[in-house]
Amino acid sequence: MARIHEKPANSACAAAHSPALELHELHKGFDSAEGRVEVLRGVSLSLPRGTSMALTGESGSGKSTLLHIAAGLEQADGGRISLAGQDMTRASDAAQAQMRRGQVGLIFQQFNLIPSLTVGANLAFQARLAGCHDAGFTERLAARLGLDGLARRYPEQLSGGQQQRVAIGRCLAARPALVLADEPTGNLDEATGDAVLSLMLALTAEAGAALLLVTHSPRLAARCDGRLHLRKGRIEASP
Amino acid sequence: MNARILTLTALLLAPNAHAQGFAGLGTDAEGFAIPERGRALHFPADHGPHPEYRIEWWYLTATLTGADGQDYGVQWTLFRSALAPFEAEGWDSPQIWMGHAGLTTASAHFSAERFGRGGVGQAGVTAEPFAAWIDDWHMTSTAQPDQDALDRLDIHARGSDFSFTLDFTAEGPRVLQGDQGYSVKSPQGQASYYYSQPFYTVTGRLDLPEGPVAVTGQGWLDREWSSQALSDDQSGWDWVSLAFDDGHRMMAAQVRGRQTFTAGTWITPEGQATPLPDGAVQFTPLRHTRLNGRDVPTHWQIDWPEGGLSITTEPLNPHSWMDLSVQYWEGPLRFTGSHSGRGYLEMTGY
Amino acid sequence: MTRIVLSALLSHWRRNRWQLAMLLTGLALATALWSGIQALNAEARAAYATAEGLLAEGSAARLEHPTGRMDQAGYLRLRRAGWLVSPVIEGRATLGAARVTLLGIEPLTAPATAGPALATADLQAFLAGQGFAHPQTLREIGATGRELRASDAVPVGTVLLDIGTAQRLLGLAGQITRLTLAPDQPAGLVPLATLAPDLRLTPPGEGATLGGLTDSFHLNLTAFGLLAFAVGLFIVHSAVGLAFEQRRAMFRTLRALGVPLRHLAVCLAGEMLLFAILAGAFGLVLGYLLAASLLPDVALTLRGLYGAPVPGSLQFNPLWALAGFAMTLAGTALAGAQALWRLWHMPVLAPAQPRAWAHASARGMRLQALLALILAALAVTLALAGDSLVTGFALLAAALLAAALTVPLLLALGLSLAEKQARSPVAQWFWADSRQNLPRLSLALMALMLALAANIGVGSMVASFRATFITWLDLRLVAEVTVIPDSPAQANALYTYLTPRTDAILPMQRVEATLAGQPGQIYAMRDHATIRDNWPLIDPVREVWDRLAAAEGVLVNEQLYRRAGLATGDMLDLPGIGALPILGAYPDYGNPLAQAALTETLFRASYPDTPIRQFALRTKDAPALIAALQDEFGLSATQITDQAQAKALSLAIFERTFLITGALNVLTLSVAALALFAALVTLAGMRLAQLAPLWAMGLTARRLAGLELARALVLGAATLALALPVGLMLAQVLLAVINVQAFGWRLPLQFFPADWARLGLWAMLAVFAAAALPALRLWRQGPAQLLRVFAHER
């Protein structure tokens, strides 16, 4: 299997040398019917490029909230966030959106492809959005993901595994510094899920991106370089 | 019948037949002339209309026998009813005319009516030359100049399914009813002017749905006008005109009220008339016929003890119901008993 | 179980109040517009029935003299011959403060149907001069010395009197207008043709009855009502469809829990029935209010156009209310049928993801295109072969439906082209996504297109008509003063008086006649420069005025010319004269009857003793002449009309005629905007899931909101662009087909770009208003809502 990085990434998408993600003492709470619920109570972590980290924890432990804050989809109540060396703690909506375009790739359980666009257009979409589209790179990526010949199809015509591979391709084609994946295999059967995860791990590593994988499956978590367990809003040592 | 004519009729003739007397004859006579005893009748002027009186009629009946041997009866009437006691030209005339025609056979009874306004020529009566008409219905004198105008009459009427054209010829003199034509109708003294011609022989033709029939027979004319002929408590009357086989004629009537009031006239073949006072004649109903939801006495026993008369009447057709704006029974009869002959029966207020 | 299922179904609406409001509003509006128009029609028809019932003109035959007048002696002659006829006199007169129709009847012989007015009346008072009039007419007349009583059985604008009183008030002693024949006549009478050869017998139900004349007007209204109803149903359909999509998971769960499919379907139908009843009742109230507010204009229109006596106040009639309700139920069933069908065919274990719309509907698109093609072919066939008002409206319906069905296809094509041209990924997504969501919006866009096209079409028709009408009016209304004589005697006196005092005096005389089988009138035309110079003619022969003056032929009005399919040179049979060639036709807007014009000499010779109905006067000093006439003859203000008044009156009638059209136009457009709003609001809820990934990929909520707004505006603008040709096609059909069939005149289509620009602006404002709220919500609450898409994932 050919490596996909045959030439250096272009400057717009170039990785800097700082960690892909640094979180420091993050706090986040919600108002609920039973009063204020503290979801994150001082979470810190640092994720260097080229590494993968699994984030496990029970339902409601704050995994997704952590992920959303890391992606800039949600604001933290306190603490610091830095993405690829840039402090995003008090970043504006526009700055966060720009960061998501260029540096962060999101992969969801529901794939979240754009149904009106073809597989090819979906794959290239984020890279084009970020202004670092490289047709050859995307093509090679698609080939690695086993999506050859599917470029003209529409998402609904693909199987679940194929759709998630398109989502991974869409994310990596933009060469992000950080890939955030929220139960990416949750909708797939075990064999397909394993294959998709393998591809994701391999490709993020090859791209030199960091991967933060939220999952509740210890089996999947075990395949990452590191593991963090979230319990009642705090990081615990991995079991 | 249509609502408008009912309204009209109700207003003019019978506001409430049972409470106020049939045909409005019991109503007040404000502004209208009132008959007086002793006023002599003048002819031919009195053949014509008397607009200063509230109501008036020209009333012909005939008992007929057809060429087919069957009995028939015919009625031709023109009523005049005044809204005000005068006559005027054109639409301003307050005189309203109503024509009724009836034709009775043993199995059927036909009736028709016409309404018309006075003053414009649609309906009316003239004394000289004598003519009474409404639309194409007419009663026109064909008498010679030296005769009384009513001695010879051409009669015609037409309904939707029948018509008749008859020639009436008087074989005797006219008869003044009551006291020289002053006819009392109630114990309180309500009265009308009333004269008759009881001696007609009739020839002519009936047109029936089955075809024409030539007929001959006897006829009777009543002329009456007044403004207040019934008292408030009187509801209607039963009236007969009788032609005896021996040539006598008789008129007998009872006016039903709190107290029944009777009147009558005995007429010899020569035309000598004897008025019969209240109570002289008795009417006894023998049999009723159900007609339009009411029981109507169609068979009678009539007694005049002083004259040795006791007869029972048998209608040609007990269903001789005049189903018109004003409803009443009118039809020919035969009578037997102490005397026999033919006649006409009229019953109102049922 | 039913209660539980129903409460589960209804819980959806508690959570989605906007949707519920849309659904109920749509239904209520549809019901209101439909039932409101039905109420107007019913009220007008009831008024015609009153008018015709009063004289039994619907059920009784009539005898008339061609001059419109006959001597009372004719009545007596027929009565004395046994014919059961009743005299009627009819004429216009000033009573108090109003000019009214005096209707004189003879109550003893009149047909039974005159009863309602008189049933409770005092006949003696009636014969003595008491009159009956509608309460509205009484108010218009005001105080007068005459004794008048109120009666709903008398048509508005008419005073019912005894014939003697009416003759006196009209100055027509001994004259009558017509005779009505009782339905049953005695057998064996001398035939009418022998007794009265000069009288014309009109059998029952024939002749110029109001019902017949105004049919086209009511058909127009009904067509508009139906259009509005259809647009309202679009709202209902989209709301019901959306609610179905959103409740798919609920349906599946309910079925998994053991609710039988049949039971679920019944409950769903019950839910719709409930909504239909609620909204229908509300809609009926709205419809009543709508009708009550429009009725005065409709009444004035009908009076102006047809002289139809329609009262200005609305009576509640349970009949139209029930009909409106039935229509609501039928409409709800139609709008909900698809949802029920889909429920029926939904497999219980299918995945709960929303259908992929755009690609699954490709087959639907092909079907739609085929249907549009068939309808277009039908429209062309009807345009070529149709020759009645009904085929005209069928043509309109087919053409409009074909155009509406084509709208999504053309929009899809345009979006797909735009997508191919797009360079940036966002632009590409914008077009692709618009195309994908088109099926959800297409119904609303079709409704918008129909409303816009109706606006453009009807607007162009009215504006074209107005332009033509004003020009025509300027030409026709050249006489400075018009005088209406009170009586024939006054007419003669006026003629003598006016002849030396005016530049020209043009008497107006006419007789009633059947022309080419149609109820109509023959007019006398004086040969005068006023007419020669000013009357526009259609297809005239050469030397037309000279030939007309020489009695070599007749002119006919455009109505007769077109309806009877006549051509110049054809022969026209005139009663009492025979056949004469047609020399040309003249426009005669606003007149429902057929008309022919003869030179005065031939007219007088053929129809002697015809009364003069009015004089048109040419003078240089109108005010002085009017003053002189008032002094000399004591003419009332209503008897004299100066030119300015006449023009103002005609224009006012014209404007009134189309006021209701304008009002309905605005209402229809509003409903269409609401339909779009409903579609966009409901779509906005579903679009979050589609927008969330883009947001996650770095598009701000604000930008997404802007794109959403732009999408609506682009689609609206494209719909507007498509509506323009459709509207012009509609206008052409209205002018060249519907008008010719309904009114008998054909008008040239004129273009009014300024009107279109104004409409375009309004339409875009409406679209903007419809799209602004969902876009604003996306902008304001975007992040929180979009995040929920991801949060809901687990």
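**Entry 1: C:Ala579**

I began with C:Ala579, which is exposed, since 10 other C-beta atoms lie within 10 Å. I applied these cut-offs: 20 or more other C-beta atoms within 10 Å of a residue's own make it buried, 12 or fewer make it exposed, anything in between makes it partly exposed, and C-beta atoms are placed from the backbone. The model is predicted, so I note that local features need pLDDT of at least 70 and side-chain atom pairs count only at pLDDT 80 or more, whereas totals for chains, interfaces and linings use all residues. Residues are numbered from 1 along each chain as its sequence is written, and chains are lettered from A and ligands numbered from 1 in the order in which they are written.

I located C:Ala579 in strand β16 (residues 578–586) of chain C. Helices (H or I, at least four residues) and strands (E, at least two) are DSSP runs, numbered from the N terminus. Leaving out residues up to four places away in sequence, I found C:Ala579 touching C:Met571, C:Leu572 and C:Asp573; contact requires C-beta atoms, placed from the backbone, within 7 Å. I also looked up C:Val554, which is 25 residues from C:Ala579 in sequence and 9.7 Å away in space, C-alpha to C-alpha.

**Entry 2: backbone exceptions**

Most residues other than glycine have a negative phi, and most peptide bonds are trans. I therefore listed departures from this pattern.

C:Ala551 sits in the loop between α19 (544–549) and β14 (554–557) of chain C, and it counts as partly exposed because it has 17 C-beta neighbours inside 10 Å.

In chain B, B:Asp135 has a positive phi of about 55 degrees and is not a glycine. I placed B:Asp135 in the loop between β6 and β7 (137–141) of chain B. B:Asp135 is buried, because 25 other C-beta atoms lie within 10 Å.

I recorded a cis peptide bond between B:Phe43 and B:Pro44, with omega about 10 degrees. B:Pro44 belongs to the loop between α2 (17–20) and β1 (55–66) of chain B. I recorded another cis bond from B:Glu128 to B:Pro129, with omega near -10 degrees. B:Pro129 belongs to the loop between β5 (123–126) and β6 (131–134) of chain B.

**Entry 3: helix α5 of chain A**

I examined helix α5 (residues 160–173) of chain A, whose 14 residues reach 20 Å from first C-alpha to last, close to the 20 Å expected at 1.5 Å a residue. The expected span is 1.5 Å times one less than the number of residues. Of the 14 residues of α5(A), 13 are buried. Just after α5(A), I found A:Arg175 with a positive phi of about 50 degrees.

How do α5(A) and α6(A) pack, and at what angle? Helix α6 covers residues 190–207 of chain A, and the angle is about 10 degrees with the axes 10 Å apart. Axes are lines fitted to C-alpha atoms, for helices over the stretch in contact, and angles run from 0 to 180 degrees between N-to-C directions. The two helices are therefore roughly parallel to each other, a label given to angles under 35 degrees. The contact includes A:Ile168 and A:Leu172 of α5(A) and A:Val196 and A:Leu203 of α6(A). I counted its residues as 7 nonpolar, 4 polar and 1 charged. Ala, Val, Leu, Ile, Met, Phe, Trp, Tyr, Cys and Pro count as nonpolar, Asp, Glu, Lys and Arg as charged, and the others, Gly among them, as polar.

**Entry 4: nonpolar cores**

I took a nonpolar core as a set of buried Ala, Val, Leu, Ile, Met, Phe, Trp, Tyr and Cys residues joined through C-beta atoms within 7 Å. Of the 221 residues in the largest such core, A:Leu178, A:Leu212, C:Met449, C:Ala453 and C:Leu676 touch the most other members. Helix α16 (residues 425–476) of chain C gives the largest share of this core, 25 residues. Another core, of 88 residues, lies apart from it and includes B:Phe110 and B:Trp239.

**Entry 5: chains**

I found 26 residues of chain A in contact with 23 residues of chain C. On the chain A side, α2(A) supplies the largest share, 6 residues. Chain B has 2 helices and 23 strands, and chain C has 25 helices and 19 strands.

Notes. Parallel < 35°, antiparallel > 145°, perpendicular 65-115°, else oblique. Contact = placed C-beta atoms within 7 Å.
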